[in-house]
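The following report describes a single protein chain, first at one residue and then as a whole.

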Amino acid sequence: MLGNVCEWCWDLYGPYPKGDKKVWRGHKSGTHRVTPGGSWFHSEEYCTCTKRNKGFLDFSAAHLGFRLVRSL
């Protein structure tokens, strides 16, 4: 998915916590969602899985997509 569209995630945006990140489950509140991955709209350095962008909760754009996930 890298470089196609940014992925609009359910995770709320915020700084990573200090200490052990293995048990961290994300932020409990916030005004932005995480939109990682870069897209055709971004320059080359943004098209990595480690680049974390953000968008308002009601943000939409042509370079932003999402993936449906279902638990089994």
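Where is the place of Thr35? Thr35 sits in the loop between strand S2 (32–34) and strand S3 (54–56); strands are DSSP runs of E of at least two residues, helices runs of H or I of at least four, numbered from the N terminus. The model is predicted, so local features need pLDDT of at least 70 and side-chain atom pairs count only at pLDDT 80 or more, while totals for chains, interfaces and linings use all residues. Residues are numbered from 1 along each chain as its sequence is written, and side-chain values use heavy atoms, with hydrogens and water left out.

**Surroundings of Thr35**

Thr35 is buried, with a relative accessible area of 5%; buried means under 20% relative accessible area (1.4 Å probe, protein chains only). The side chain of Thr35 reaches the backbone nitrogen of Lys54 at 3.4 Å. Not counting residues up to four places away in sequence, Thr35 touches Cys6, Glu7, Trp8, Asn53, Lys54, Gly55 and Leu64, where contact means heavy atoms within 4.5 Å.

**The chain as a whole**

The chain holds zero helices and four strands, in the order β-β-β-β along the sequence. Among contacts between residues at least 6 apart in sequence, 58% join residues at least 24 apart. Further values for the chain are tabulated below.

| Property | Value |
|---|---|
| C-alpha trace span along principal axes | about 35 × 30 × 30 Å |
| Buried share of the 72 residues | 26% |
| Accessible surface (Shrake-Rupley method, 1.4 Å probe) | about 5,900 Å² |
| Part of that surface belonging to carbon and sulfur atoms | 57% |

Technical notes:
Buried means under 20% relative accessible area, exposed over 50%, partly exposed in between (1.4 Å probe, protein chains only). A polar contact is a pair of N or O atoms within 3.5 Å; within protein, one must be able to donate a hydrogen and the other to accept it, and residues adjacent in sequence count only if both atoms are side-chain atoms.
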